Amino acid sequence: MVGIVIVSHSKQLAEGVRELATQMVPGEVAVAVAAGMDDPENPLGTDAMQVYEAIASVYTDDGVLVLMDLGSAVMSAEMALEFLADEQRQNVHLCAAPLVEGTIAAVVAATSAQDIHQVMAEAQAALTAKATQLGSTPISLQSEQGTGQGKEIQLFVRNALGLHARPAAKFVATSAKFQSKIWVKNLTKGSEFVRGDSINQVTTLGVRQGDKLAIAADGIDADAALLALRALVDGNFGEDDAAPVSSPVSPPTLVSTSPSLQGIPASGGVVIAPILNFLPAPLTVDGSTWEFIPQLLADEPEMEWQKLHSALRSAQQEIQTLLFHTDTQIGDAEAGIFDAHLLLLQDPMVIEKAHKYIFEDNFQAATAWQTVMDEVAANYRQLEDPYLQERVADVVDVGQRVLHLLLGRPLAKLDISQPAIVVANDLTPSDTASLDPSKVLGICITSGSATSHTAIIARSLGIPAVAGVPSSILHLADGTMVAMDGETGTVWVEPDVETVNFLQSKQNTQQLAQQQALTIAHQPATTIDGSHLSIFANITSMNDVQPALDLGAEGVGLFRTEFLYMDRDTPPSESEQLTVYQAIAQALEKRPLIIRTLDVGGDKPLPYLDLPPETNPFLGVRGIRFCLQHPQILKTQLRAILQASAGQNIKVMFPMITTMGEIQAAKTILAEVKEELQQAHIPFDTAMEVGIMIEVPSAVAIADKLATEVDFFSIGTNDLSQYIMASDRTNPLVANLADPLHPSVLRTIQQTVQAAHQAGIWVGLCGELATEPLAAPILLGLGLDEVSLNAPGIPRLKQTIAQLRLPQTQAIVQAALQADEPTQVRELIATALSQTI
């Protein structure tokens, strides 16, 4: 006999309906109730687990009919179905009948031994008698029918429950993204065409597993719409029918006798290791540091003012180096933290106040600087926004850096020789960005939160971290064994065997998932339908090569040579550079190595060149402009690159090309160097490929002409985004505009790719767009041949690509190009990926 389940927000209502229905046929039909919440203060609501248990209590092979009131009752019922095994789920039907009349009709029909479909039909027709008695017509859904004109595809629906609520919603959401009119009909049931953007009309088609749909699109983007809808249906609307849905199982719980400390989860991961305390005392100019400052008042204000300026310049160079390291080793978003540090150094309010304290109050430079920084930090602490309050850490970081320079005291650095968990009161963003993940296995700090810059950098480095740990952890001796779970925020001191076994099991599960991703990473990045995208790594030194290969890099798409020129008093010699280039090429074993020539300027100054300051360095002498003004530096580098190319797979790339004249001038110097080497009988690859960075609008505009001069393009989305959007990435007021997923930027990328392919050259991309979690379908759909990114992002990118189809990505790109804002692009991609992955 068919079982009945009543789902309602009110337990009293559901019990009353059951009582009314069972009085019609006492004791003959199993009727269960799933209603209300076990909360005296908020008793109204529904719970999917209650619905699941109610279904299980009345389940028979004859089927179960579920009747619901409205809103979350429907969602809870749908969710409950997901907990059922496949064979059970097919016998459970959600009924749209009115709750009271429908339940009574269903119970009566069930006693007549009718099958589930007849019982449901009776329930859905329950209002007919009332409507007839009142002399009215029952309300029915009126469909706006279409003709199905335009382009049409026909597809079979394979997912187990057909177009139930979630798949129908995905169908409608996908249809609504396009300008074309979308129509759909159920060929199996012989329905008429209905609007594809109407959830009500799509649902009324009654599409079940095995039904055949006809989908028609009429409009300017009809092809893209049909591609997207085909991908949606072929992907079973994101539902995995092959995997049986098991009953919910509670996660294992840990019973531990070890003392534990509860903090704030900041970066996921499990670690069991000895601790190392890092507790440097902040430097101040109060009584505790009189030995460094004989007097707080200054005899010569002008001298103190010059001291401050000198310290600020040195701090700027240090932060520039740290920014560059973070950008190349971790990511552009994390490097933005140090963009903010540079802005703080240049803040006119800070400079003006320091000037006042030195010249009007006769403060020493160090005293004036700390006084200003203390005031800035106090202002942040008074803000109501917790996120902004945490920016105090950045103020302290910058303040301490300058103060150490003023006092001639080196910044405290973490000295770690053996792998350990670092315990500290706090770590500055500068401290965290400099950590070695092979030595620092975890971070426990007594301050901060999950949104602090320290936590953000730790997550990017893959270092488990817990913030806000009770201060008692600071009293533990170095070497004390500690276990920590960055996902839950729990720290165990000297964990017992049960705790260790539990955490090791969790750690093994995480490592297995990582290993699976690495297995895919060492395969070519190939879509389901066989399309390939070359995945290279961005590097800054020889030390980056092997880790990149271990993570699945197929070559080096961008060797940033700037590090060879930094932290030294003179430019690197030809022999120095040759040694580095040869070592990297040999380590790559004939894999491609693309070397970008020196890319410095006002925004990346080299102290030994004494470059004049520029009002706007991003629009000044940088990239190829700098090299053409200093041709000897460029010739020295090109001689080293050419010599290293002998017998290797090396390519050279010029940055910041804006005109035809620039690339022609650069090629002229390259030709001169080749001639010199030939005359000296020094071997090199005479067919070495030459490419350029496409990172300014002018290069995009003349990409067709530039393509005649080179062998390849590499699109630098970091600079291209800020130039296209006229927004300085270091200015927090407009930095959000420089988004590589903005439709304006995507259109320039598309234009560049098309120009390159029409000229018969290949095109890559080497910006932060490649590390964007949602970017994979965009990269494929735009037709790129190669992408290069920081190595840690390679496994995830390859894993995503392996689950895509090229037509699907092309449809996503066509839709993204029609979007208005990058938020819409991200929503579009996320929706598509949720249906695929």
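**View 1. V7 stands opposite M68 of strand β3.** This is a close-up of a predicted model, in which local features need pLDDT of at least 70, side-chain atom pairs count only at pLDDT 80 or more, and totals for chains, interfaces and linings use all residues. Residues are numbered from 1 along each chain as its sequence is written, and side-chain values use heavy atoms, with hydrogens and water left out. Strand β1 (residues 3-8) and strand β3 (residues 64-68) run parallel and are joined by five bridges. Helices (H or I, at least four residues) and strands (E, at least two) are DSSP runs, numbered from the N terminus. Strands of a sheet pair through backbone hydrogen bonds, either parallel or antiparallel.

**View 2. An open sheet of four strands has the order β2-β1-β3-β4.** The pairing in this sheet is parallel. Two strands pair if DSSP finds at least two bridges between them. The edge strands are β2 (31-35) and β4 (92-95), and each pairs on one side only. On average, neighbouring strands of this sheet are turned by 20 degrees against each other, direction ignored. Helix α5 (residues 99-111) lies across β1, β2 and β3. Its direction is at about 170 degrees to β1. Axes are lines fitted to C-alpha atoms, for helices over the stretch in contact, and angles run from 0 to 180 degrees between N-to-C directions.

**View 3. Eight strands form an open sheet with mixed pairing.** The strand order is β10-β17-β16-β12-β13-β14-β15-β11. β10 (260-262) and β11 (264-267) stand at the edges with a single partner strand each, so one side of each is left without a neighbour in the sheet. Neighbouring strands here are turned by 30 degrees against each other on average, direction ignored. Inside the order, strand β14 (residues 440-445) and strand β15 (residues 465-467) pair in the parallel sense over two bridges. I443 stands opposite A465 of β15.

**View 4. Strand β19 (residues 556-560) is largely enclosed by the rest of the structure.** The reason is burial: five of the five residues of β19 are buried. Buried means under 20% relative accessible area, exposed over 50%, and partly exposed in between (1.4 Å probe, protein chains only). Strand β18 (residues 534-539) runs parallel to β19, and three bridges join them. N538 has L558 of β19 as its bridge partner.

**View 5. Helix α10 (residues 222-234) meets helix α32 (residues 806-817).** Two packed helices are described by the angle between their axes and the distance between the axes. Here the axes come within 8 Å and cross at roughly 130 degrees. The two helices are therefore oblique to each other. Angles under 35 degrees count as roughly parallel, over 145 as roughly antiparallel, 65 to 115 as roughly perpendicular and the rest as oblique. The crossing of α10 and α32 is left-handed, meaning that the near helix is turned anticlockwise from the far one by less than a right angle. From α10, the contact (heavy atoms within 4.5 Å) is made by A224, L227, A228 and A231. From α32, P807, Q808, A811 and Q814 take part. By class, the contact has six nonpolar, two polar and no charged residues. Ala, Val, Leu, Ile, Met, Phe, Trp, Tyr, Cys and Pro count as nonpolar, Asp, Glu, Lys and Arg as charged, and the others, Gly among them, as polar.

**View 6. A699 is buried in helix α26 (residues 697-701).** Its relative accessibility is 0%. Leaving out residues up to four places away in sequence, A699 touches I657, T658, I694 and L706. The C-alpha atoms of A699 and T659 are separated by 6.7 Å. These two residues are 40 residues apart along the chain.

**View 7. K590 is a residue other than glycine with a positive phi.** The value is near 75 degrees. K590 sits in the loop between α22 (574-588) and β20 (593-596). The residue is exposed, with a relative accessible area of 52%.

**View 8. A726 also has a positive phi in a residue other than glycine.** Its phi is near 50 degrees. A726 is placed in the loop between α28 (717-724) and α29 (743-758). At 72% relative accessibility, A726 counts as exposed.

**View 9. The protein chain has 33 helices and 25 strands.** Of its 837 residues, 51% count as buried. Among contacts with a separation of 6 or more, 72% are between residues 24 or more positions apart.
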